[in-house]
Amino acid sequence: MKPEITRISQISSDQSVVCLVGKGRIPEFLHLSKTEKEYALKQLKAKEEYVFINSYFKCTYLVRIKSELTDFRAREELRKTAFNMRKLIKSNDHSEIVITSNDAYLGAIEDFAEGLALSIYSFDKYRTKDPEEPKRNYPSKLLLYGDIDNNSVKWLNSVTEAVYIARDLINEPVSYLNASKLASEIQKTGKAAGFSVEVLNKGKIEALKMGGLLAVNKGSVDPPAFCILEWKPSGALNKKPYVLVGKGIVYDTGGLNIKTGEYMAMMKGDMAGAATVTGVFYAAAKSKLPLHLIGLIPATDNRPGGNAYTQGDVITMHNKMTVEIGNTDAEGRLILADAISYASRYEPELIIDVATLTGSAANTFSNQAIALMTNADRKYISLLEECGQQVYERIAELPFWDEYGEMIKSDIADIRNIGGREAGAITAGKFLECFTRFPLIHLDIAGPGLLKKDDYYRLKQGPGSGLRLLAAFLKNLASDFKRYKH
């Protein structure tokens, strides 16, 4: 369970405290003895990452702010330090812990709290065996003391809760989370946060002639689902909605082009894009973000059973384009394409899709960056870059030149769903671009979206990558609207 994050107005002498120290001075409100202060200062001057003092009736953790780093790097190092301290904090079995600062940058308290909250997530739903050692717990409350306002606390709670929701969805096995169950979980999330969710069943999907989603679903015994999320607060600042599209492949075997070796091992998480979009809507609704948002999530598994679609098939998409199937394991772009063309009915200002789409993107950037391709206004890309630095979910842009579109031409249909071996991430993006006349930002999270091991507070399996980036992006868009309006 995610710890509750609360702002407090004072610290008592017996409370356990994490203090973020900027200039090597120990504040008096920590109530440390002279000997404890001298020890702490010596360790901090030696550039230790953090210092732990056990005063028997309380614990004090002093964390050094790495002021020698640039702004966004210092912020990220603080989140990483929270991850490094998580086991020590757990071993002391605090029910609550205070996080404060002294001579630190504005926002340091929130950064450490975010890093700690995201570091202590665990997916324990299916565990039944009790550990042999006495059970120790992470703090259930993080108490923030210092220069921080209530809106910042509200936002921090909303975003970290959203990441937990996304991680839970990604970690669920397909034996539980098939397409229909994913849809019902999204509805449950909408009810909890306050955004609306409409779920289209297979009959409605057939009526809409979503050939991509229906083709991928042909090998499954479970029906597909198409989820339409909407957050439209009164007084929304944008006249035209922003549309977010998330890939909802609840399990990807590769279809008849079946995956080999270890490539199938993490494919329950191939709906990480859908989880990300769901989480962004949760954060937006819980924090009352003044923007009109539409979310589109096509969902199915991709299996080789039944009447599975085949290499060489030609399918007709929602927008009436025909697609030659070059590989059944390039299924994500097919279901996304139907959703992106469906988005046109909203006359959107901008479409952003997010998906664990290509091994090419993962091979190019590993887990260090989200691959971005776009034909949208550069103001959006500049803002995404800025937000990516802030939350350290960085984007790396790939070219989107027209020449790459030549690589997905088909001899028998309008286009193919794959190009050659070269530029695989880019041709996937060019494929999606064919299905809209509105500005598109394509985010391929294949690298950071599914991790085999922890990347600090981005925990293995499904860390929820892209969620904090998009939440920050939308929050800043709303701020820009307000600033220009006045």
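Student: Which residue meets E76 in a salt bridge?

Tutor: Look for a side-chain nitrogen of Lys or Arg within 4 Å of a carboxyl oxygen of Asp or Glu. This is a predicted model, so the distances come from predicted atoms. Here the side chains of R458 and E76 meet, at 3.1 Å from N to O. The pair links distant parts of the chain. R458 lies in the loop between α14 (446-449) and α15 (467-485). E76 belongs to helix α2, and the two are 382 residues apart.

Student: Are R458 and E76 buried or exposed?

Tutor: The cut-off for buried is under 20% relative accessible area. R458 has 9% relative accessibility, so it counts as buried. E76 has 1%, so E76 is buried too.

Student: Which residues join R458 and E76 in one network?

Tutor: Follow the shared partners. Salt bridges join R75, E76, R79, D111, E114, E393, R458 and R468 into one network.

Student: Where in the chain do R75 and D111 sit?

Tutor: Start with the bridge itself. R75 and D111 form a salt bridge, with the closest N and O atoms 2.8 Å apart. R75 is in helix α2 (residues 71-91), and D111 is in helix α3. They are 36 residues apart, and the pair links distant parts of the chain. Now check the cover. D111 is buried, with a relative accessible area of 2%. R75, at 21%, counts as partly exposed.

Student: How many salt bridges does the structure hold?

Tutor: The structure holds 29. One of them joins E28 and K37, with the closest N and O atoms 2.8 Å apart. Check the cover of each end. E28 is exposed, at 58% relative accessibility. K37 is buried, with a relative accessible area of 19%.

Student: What does F112 touch?

Tutor: First place the residue. F112 is found in helix α3 (residues 108-119). Its relative accessibility is 0%, so F112 counts as buried. Then list the contacts, leaving out residues up to four places away in sequence. F112 touches V18, L20, V63, L78, T81, A82, M85 and I99.

Student: How many residues apart in sequence are F112 and T81?

Tutor: They are 31 residues apart in sequence. In space, the C-alpha to C-alpha distance is 7.8 Å.

Student: How do I read a pair of aromatic rings?

Tutor: A pair is described by the distance of the centres and the angle of the planes. In this structure, the count comes to 12 aromatic pairs. Y342 and Y346 form one that is edge-to-face. Their centres are 6.2 Å apart, with 65° between the planes. The cut-off for edge-to-face is over 60 degrees.

Student: Is Y346 buried or partly exposed?

Tutor: Y346 counts as partly exposed, at 23% relative accessibility. Y342 is buried, at 7%.

Student: Which helix holds Y342?

Tutor: Y342 is among the buried residues of α9. That helix spans residues 332-342 and is mostly covered. How many of its residues are buried? The count is 11 of 11. Among them are R333, D338 and S341, as well as L334 and I335.

Student: Which charged residues lie over rings?

Tutor: Look for a charged end above the face of a ring. R86 lies over the face of F83, at 3.8 Å from the ring centre. The charged end of K430 sits over the ring of F400, 4.6 Å from its centre.

Student: What is the strand order in the open sheet of 3 strands?

Tutor: The order is β12-β13-β17, with mixed pairing. Now find the edges. β12 (314-316) and β17 (415-416) stand there, each with a single partner strand, so one side of each is left without a neighbour in the sheet. Strand β13 (residues 322-324) pairs with β17 in the parallel sense, over 2 bridges. In β17, I415 is the bridge partner of V323.

Student: How many disulfides does the structure hold?

Tutor: The count is 0. C227 is buried, at 1% relative accessibility. C434 is partly exposed, with a relative accessible area of 32%.

Note on methods:
Residues numbered from 1 in each chain as written. Predicted model: local features only at pLDDT ≥ 70, side-chain atom pairs only at ≥ 80, totals over all residues. Heavy atoms only, no water. Pairing = 2+ DSSP bridges. Helix = DSSP H or I, 4+ residues; strand = E, 2+ residues; numbered from the N terminus. Buried < 20%, exposed > 50% of the residue type's maximum accessible area, 1.4 Å probe, protein only. Contact = heavy atoms within 4.5 Å. Phe/Tyr/Trp six-rings, centres within 6.5 Å; stacked < 30°, edge-to-face > 60°. Lys NZ or Arg CZ within 6 Å of the ring centre and 35° of its normal. Disulfide = S-S within 2.5 Å.
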